[in-house]
Amino acid sequence: MKKILLYVIIALLVGGGIFYFTHKNFVLGRVGMTFTNKPVAAETTDSVGNVTKDGKRVLVAYYSWGGNTRRLALAIHKKVGGDIVEIRPANQYPEGYKGTVKAAKLELDSGKLPEIKVTKLNMSDYDTILLGYPIWYYREPLLIESFLRQIDTNGKTILIFATSGGSPVDPSIATVSKAAPKAKIGDAILANDSSLIEPWLKKNGLMK
């Protein structure tokens with residue numbers, strides 16, 4: 001009996017190891033900010049001045065630390081058209097997970113909004129902002145607030161799409177609302193499961 005139990009334990013350990021190394025990107029992506037955040041050139045992601053699709057005047061604006069939110073934002077932009085810009089920190093966060101966690105905590109504790117780099121926008125061109133970010137400490141990164149306070153969100157509809165290692169998106173809605181008090185905050189979605197995107201876009205009239 002003991003031998004059988006031992007074999008079962010060994011099989012579980014081996015199987016778990018095989019799953020981890022063959023699905024490493026999936027596991028790390030769901031656990032949190034564990035990818036190396038190598039900067040991507042703005043011209044490979046930003047696209048401004050596009051002809052609107054189906055009469056929708058849409059801006060996709062997002063911040064991505066390790067690439068997950070960027071991939072999601074690019075996929076959404078492909079579906080809805082309009083413009084897309086990446087919100088970037090003026091001072092890049094550390095590449096390692098622990099260093100970034102520490103830096104994000106220091107920002108929150110200080111309450112000082114970080115400086116950002118973002119393509120110049122004419123906000124009168126847009127009715128809807130699709131706003132993407134990872135969840136850090138149960139809210140959006142502070143540079144999202146920096147962005148919202150720098151642009152004119154009066155009368156705009158903001159639809160949030162977020163990624164996380166398990167934290168819900170709902171608590172961040174309140175802080176986004178505070179940073180953009182004259183905007184209408186619509187449906188927010190935790191988009192770890194990309195199959196949820198199309199139904200969300202259709203529900204909000206951005207896809208047929």
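Read from the N terminus on, the elements of this protein follow the order α-α-β-α-β-β-α-β-β-α-β-α-β-α, where helices (H or I, at least four residues) and strands (E, at least two) are DSSP runs, numbered from the N terminus. The model is predicted, so that local features need pLDDT of at least 70 and side-chain atom pairs count only at pLDDT 80 or more, while totals for chains, interfaces and linings use all residues. Residues are numbered from 1 along each chain as its sequence is written, and side-chain values use heavy atoms, with hydrogens and water left out.

**Exercise 1. The whole chain**

State how many helices and strands the protein has, and what share of its residues is buried.

Solution. The secondary structure comes to seven helices and seven strands. For burial, the cut-offs come next: buried means under 20% relative accessible area, exposed over 50%, and partly exposed in between (1.4 Å probe, protein chains only). By this rule, 41% of the 208 residues count as buried. Turning to contacts, which are heavy atoms within 4.5 Å, one finds that among those between residues at least 6 apart in sequence, 79% join residues at least 24 apart.

**Exercise 2. Strands 6 and 7**

Determine how strand 6 and strand 7 run relative to each other, and which unit they make with helix 6.

Solution. Strand 6 (residues 157-163) and strand 7 (residues 184-190) run parallel and are joined by five bridges; two strands pair if DSSP finds at least two bridges between them. Together with helix 6 (residues 170-179), the two strands make a right-handed β-α-β unit, and right-handed here says that, with the strands pointing away from the viewer, the path from the first strand over the helix to the second runs clockwise.

**Exercise 3. The aromatic rings**

Find which residues form an aromatic cluster with W136, and describe the ring pairs.

Solution. Rings of Phe, Tyr and Trp (its six-membered ring) pair if their centres lie within 6.5 Å; planes under 30 degrees apart count as stacked, over 60 as edge-to-face and the rest as tilted. A search of the whole structure finds four aromatic pairs. In one of them, Y63 and W136 are edge-to-face, at 5.8 Å centre to centre with 90 degrees between the planes. This pair links distant parts of the chain, 73 residues apart, with Y63 in the loop between strand 1 (58-62) and helix 3 (68-80) and W136 in the loop between strand 5 (128-134) and helix 5 (142-150). The rings of Y93 and W136 have centres 5.3 Å apart and planes at 75 degrees, so this pair is edge-to-face. Because Y93 lies in the loop between strand 3 (88-89) and helix 4 and W136 in the loop between strand 5 and helix 5, the pair ties together parts that are 43 residues apart in sequence. Y63 and W136 are both buried, Y93 is buried as well, and Y63, Y93 and W136 form one aromatic cluster.

**Exercise 4. The surroundings of E107**

Decide whether E107 is buried or exposed, and identify the side chain that it joins in a polar contact.

Solution. E107 is found in helix 4 (residues 97-110). Its relative accessibility is 15%, so E107 counts as buried. Leaving aside neighbours within four places in sequence, E107 is in contact with Y93, K112, P114 and L142. The side chains of E107 and Y93 are joined by a polar contact of 2.9 Å, that is, a pair of N or O atoms within 3.5 Å; within protein, one must be able to donate a hydrogen and the other to accept it, and residues adjacent in sequence count only if both atoms are side-chain atoms.
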